[in-house]
Amino acid sequence: AVVGFPLSELIGPEYMLQDGRAPSVLNGFNPISAGIVLTAFAAFGMFECSTALRRTVDTEIGKKHASDMELVWDFGVAGSYNFDPLNLYNTFGDDAAGRKAMRSLEISHGRWAMMGITGMAFL
């Protein structure tokens, strides 16, 4: 987001821009960009609804979660799409404590990223 927001103003197509600025809640929307943004939000919402209650306990990462959390969740861990192509999930150790540390670090980084983009909106 930190790179994408300024780049969208520099290289975005003219019909998407609002007085040379990227479409956002703070800059306003023109009808075309509003339609595109609403369509994207609808697609993301449909994806979230379709995957919210899927079972992940039978996947590789889901089995690790199940052994870590034993009977806490019926549907696996929220947000786990079994996507770890660089195998970073076991960076802090291949045990429950190491995986919990990695999940906590991911949440912390996500929160700092949200603070960063919020700060950009006010500058």
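Trainee: What makes Val 3, Leu 7, Leu 10 and Ile 11 a nonpolar surface patch?

Mentor: In this predicted model, Val 3, Leu 7, Leu 10 and Ile 11 together make a nonpolar surface patch of about 440 Å². Patch members need over 30% relative accessible area, and nonpolar side chains are joined within 5 Å. Ile 11, which sits in helix α1 (residues 4-11), has a relative accessible area of 67%.

Trainee: Why is Ile 11 called exposed?

Mentor: The label exposed is given over 50% relative accessible area, and Ile 11 is at 67%, so the label exposed applies.

Trainee: Why is Ser 8 called partly exposed?

Mentor: Ser 8 also lies in helix α1, and its relative accessible area is 27%. Buried would require a value under 20% and exposed a value over 50%, so at 27% Ser 8 is partly exposed.

Trainee: Which residues does Ser 8 contact, leaving aside its neighbours within four places in sequence?

Mentor: With those neighbours left aside, Ser 8 is in contact with Leu 17 and Ala 22, where contact requires heavy atoms within 4.5 Å. As for Ala 22, the C-alpha atoms of Ser 8 and Ala 22 are 6.0 Å apart in space, although 14 residues separate the two in sequence.

Trainee: How do you know that the length of helix α4 agrees with its number of residues?

Mentor: Helix α4 (residues 96-122) has 27 residues, which at 1.5 Å a residue should span 39 Å, and because its end C-alpha atoms are 40 Å apart, the two values agree.

Trainee: Which residues of α4 are buried, and what makes them so?

Mentor: The buried residues of α4 are Gly 98, Arg 99, Met 102 and Arg 103, and that label calls for a relative accessible area under 20%. Ala 121, also placed in helix α4, has a relative accessible area of 36%, so Ala 121 is called partly exposed. Ala 121 and Phe 5 are 116 residues apart in sequence, yet their C-alpha atoms are 9.7 Å apart in space.

Trainee: What makes α-α-α-α the pattern of the chain?

Mentor: The chain contains four helices and zero strands, and reading along the sequence gives α-α-α-α. Of its 123 residues, 19% are buried.

Trainee: In which helix is confidence lowest, and in which is it highest?

Mentor: Confidence is lowest in helix α3 (residues 60-69), with a mean of 74, and highest in helix α2 (residues 31-51), at 87. For the chain, the mean pLDDT is 76, and 81% of the residues reach 70 or more. Where pLDDT is low, the predicted coordinates should not be read in detail.

Methods
Residues are numbered from 1 along each chain as its sequence is written. This is a predicted model: local features need pLDDT of at least 70, side-chain atom pairs count only at pLDDT 80 or more; totals for chains, interfaces and linings use all residues. Side-chain values use heavy atoms; hydrogens and water are left out. Patches are made of residues with over 30% relative accessible area and no salt bridge: like charges are joined within 9 Å, nonpolar side chains (Val, Leu, Ile, Met, Phe, Trp, Tyr) within 5 Å. Accessible areas come from the Shrake-Rupley method with a 1.4 Å probe; for residues, only the protein chains shown count as cover. A salt bridge is a side-chain nitrogen of Lys or Arg within 4 Å of a carboxyl oxygen of Asp or Glu. Helices (H or I, at least four residues) and strands (E, at least two) are DSSP runs, numbered from the N terminus. Buried means under 20% relative accessible area, exposed over 50%, partly exposed in between (1.4 Å probe, protein chains only). pLDDT is the predictor's confidence in each residue, from 0 to 100. The expected span of a helix is 1.5 Å times one less than its number of residues.
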